[in-house]
Amino acid sequence: ATRPFGDLRREMDEIRKLRFQHAIQNNSKLREIQQLQTSFNLLRSCLQVFDKYVPTHVLQRITSDLASERLAASTLWMERVVVTVLYTDIQGFKSIAERLSGNPTQVILVMELYYTTCCQVTEEMGGTVGDFWGDKIMSFWTSARPDHALQACHAARTQVERVEQLVKGGVWAAHGLPPDMALPLRCALHTGDCFLGNFGSPKRMKYGAVGDVAGLAQFLLGIAQLRGLQTICSADTREAVHGSFICEFSDAVTVHMRGESQTLLVYNVARPARTIN
């Protein structure tokens, strides 16, 4: 009779580590234990789905043994930190969508492959996927990592390379997508102060970064579109990588924010100056 409870304890430990691979076998002869096993498997499935909606470190706080961590995950709070924000989108996405308009399933497939590839790169590089809208992805890296700007620059270049490989490596053809249809990306990076934390209302909140840094990164993405550039960054990001990336001057543009004007220097993110570990 004690074996099912031991299984439940072990699986609860796995859930705390966000490991959702195994379900409890519902094979007890006692109805109460069967109900407990069923409820536990439902909890596991719900957390597994929830992990897709929030950053993993937020879910780790929610399931933490520490009351302070659980409280931080469930209340509104913000702190001022330095972040590097990366905006990514698809060059000519409207034309691609129009070309595939006769087959909506293929449009959805293209977006799934694009989102999956770019989000995987962000997470591999220690970043957080902040938001999606249309074909835009907003990701950010915090100063909890001293090399946050460097990691973001590597993520931008890696996203471009891996999405190119979707076409060249045969993934495109394997899914029945037009082999002559490329998926070129645009990326823009900016580093600066923001408010990071849980914002919203007590009943509906979201973890993310709020501030001009995100707006300026999105503005840079528009500059990349107008100038036909692929991966660009601001002078703040260029300074933050400390020479670890070769960033070539491209342009100086005027930005109007909250009634004030400022000059924003734009750099092409050309290549790494050295190999990242």
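1. R162 is partly exposed, because its relative accessibility is 32%, and that class lies between buried (under 20% relative accessible area) and exposed (over 50%), with a 1.4 Å probe and protein chains only. E124 is also partly exposed, with a relative accessible area of 44%.

2. This is a predicted model, in which local features need pLDDT of at least 70 and side-chain atom pairs count only at pLDDT 80 or more, while totals for chains, interfaces and linings use all residues. Residues are numbered from 1 along each chain as its sequence is written, and side-chain values use heavy atoms, with hydrogens and water left out.

3. R162 and E124 form a salt bridge through their side chains, at 2.8 Å from N to O; the term requires a side-chain nitrogen of Lys or Arg within 4 Å of a carboxyl oxygen of Asp or Glu. The pair links distant parts of the chain, 38 residues apart: R162 is in helix α7 (residues 148–168) and E124 in helix α6 (residues 104–124). Helices (H or I, at least four residues) and strands (E, at least two) are DSSP runs, numbered from the N terminus.

4. R227 has a salt bridge to D251, with 2.7 Å between the closest N and O atoms. R227 belongs to helix α9 (residues 212–227) and D251 to strand β7 (residues 245–257), so the contact ties together parts 24 residues apart in sequence. The relative accessible area of R227 is 41%, which makes R227 partly exposed.

5. R145 pairs with D147 in a salt bridge whose closest N and O atoms are 3.1 Å apart. R145 is partly exposed at 31% relative accessibility, and D147 is partly exposed at 26%.

6. The structure holds 10 salt bridges.
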